[in-house]
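Here is a short note for someone opening this structure for the first time. Please look at the sequence and the model, then go through the points in order.

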Amino acid sequence: MAAEVPENPLFPPIPELVIGLVAFFIVFGILAKKLLPNINRVLDERRASIEGRMEEAEALQAEAQQVLADYRAQLADARHEAARLRQEAQEQGATLIAEMRAEGQRQREEIIAAGHAQIAADRKAAAQSLRQDVGKLATDLAGKLVGESLEDHARQSRTIDRFLDELEAGATKAEAGR
């Protein structure tokens with residue numbers, strides 16, 4: 001009759017339960033002794049590696065921030081230097097322009113003075129030539145009027161000079177009166 005009692009699948013027989021528990025604790029003990037330290041070592045290595053990488057990333061980020069700050073400082077210095085050089089160039093340009101204007105003014109004055117001197121020399125030469133031509137024409141005309149030759153050079157020159165001096169004095173007075 002005992003063999004006829006159906007077995008309950010939820011409750012295994014006691015000897016099987018004891019053998020299963022003993023086998024479980026043996027396997028668990030072996031795994032705890034051999035496998036668990038290796039698993040813990042690998043997890044610790046991973047944790048250390050991750051922490052090392054995070055520290056390295058933070059160091060790299062701090063270094064990048066420092067490089068960025070240095071770059072910005074250099075850029076600001078370069079901008080200040082460029083502004084200073086631009087200002088110096090403008091000042092030098094203004095100085096150069098002023099010097100060139102002064103040089104141009106000086107050259108203009110020299111050219112004007114040389115022109116006035118040339119005009120005065122030309123006027124003097126023209127007046128001298130005119131005196132000679134007018135004197136010769138006046139002598140010829142006077143000789144034709146009088147009917148005789150007036151070839152005495154010394155007397156002729158004095159007469160012509162006196163006549164032309166009187167003409168010049170009259171012209172100068174007329175110009176001063178204007």
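1. Start at Asp-44. Its relative accessibility is 41%, so Asp-44 counts as partly exposed. Buried here means under 20% relative accessible area, exposed means over 50%, and partly exposed is in between (1.4 Å probe, protein chains only). The side chain of Asp-44 meets that of Arg-47 in a salt bridge, at 2.8 Å from N to O. A salt bridge is a side-chain nitrogen of Lys or Arg within 4 Å of a carboxyl oxygen of Asp or Glu. Both residues lie in helix H1, three residues apart, about one turn of the helix. Arg-47 is partly exposed too, because its relative accessible area is 47%.

2. A word on the source. This is a predicted model, in which local features need pLDDT of at least 70 and side-chain atom pairs count only at pLDDT 80 or more, while totals for chains, interfaces and linings use all residues. Residues are numbered from 1 along each chain as its sequence is written, and side-chain values use heavy atoms, with hydrogens and water left out.

3. Now the whole chain. The secondary structure of the protein chain is two helices and zero strands. Helices (H or I, at least four residues) and strands (E, at least two) are DSSP runs, numbered from the N terminus. Of the 178 residues in the protein chain, 4% are buried. The chain exposes about 15900 Å², and carbon and sulfur atoms supply 62% of that area. Accessible areas come from the Shrake-Rupley method with a 1.4 Å probe; for residues, only the protein chains shown count as cover.

4. Back to the charged pairs. The count comes to seven salt bridges. One of them joins the side chains of Glu-45 and Arg-41, at 3.5 Å from N to O. Glu-45 and Arg-41 are four residues apart in helix H1, so about one helical turn separates them. Glu-45 has 46% relative accessibility and so counts as partly exposed. Arg-41, at 43%, also counts as partly exposed.

5. Two further sites deserve a look. Glu-109 forms a salt bridge with Arg-108, and the closest N and O atoms are 3.0 Å apart. Glu-109 is partly exposed, with a relative accessible area of 39%. Elsewhere, Glu-81, Arg-84 and Glu-88 are linked in a network of salt bridges.

6. How many aromatic pairs are there in the whole structure? The search finds two. Phe-24 and Phe-25 form an edge-to-face pair, 5.6 Å centre to centre, with 65° between the planes. Phe-24 and Phe-28 have ring centres 6.1 Å apart and planes at 20°, so this pair is stacked. Rings of Phe, Tyr and Trp (its six-membered ring) pair if their centres lie within 6.5 Å; planes under 30 degrees apart count as stacked, over 60 as edge-to-face and the rest as tilted. Phe-24, Phe-25 and Phe-28 form one aromatic cluster. Phe-24 is partly exposed at 49% relative accessibility, whereas Phe-25 is exposed at 53%.

7. Last, a nonpolar surface patch. Val-27, Leu-31, Leu-35, Leu-36, Ile-39 and Leu-43 form it, with about 500 Å² of accessible area together. Patches are made of residues with over 30% relative accessible area and no salt bridge: like charges are joined within 9 Å, nonpolar side chains (Val, Leu, Ile, Met, Phe, Trp, Tyr) within 5 Å. Leu-36 has its place in helix H1 (residues 14–146). At 43% relative accessibility, Leu-36 counts as partly exposed.
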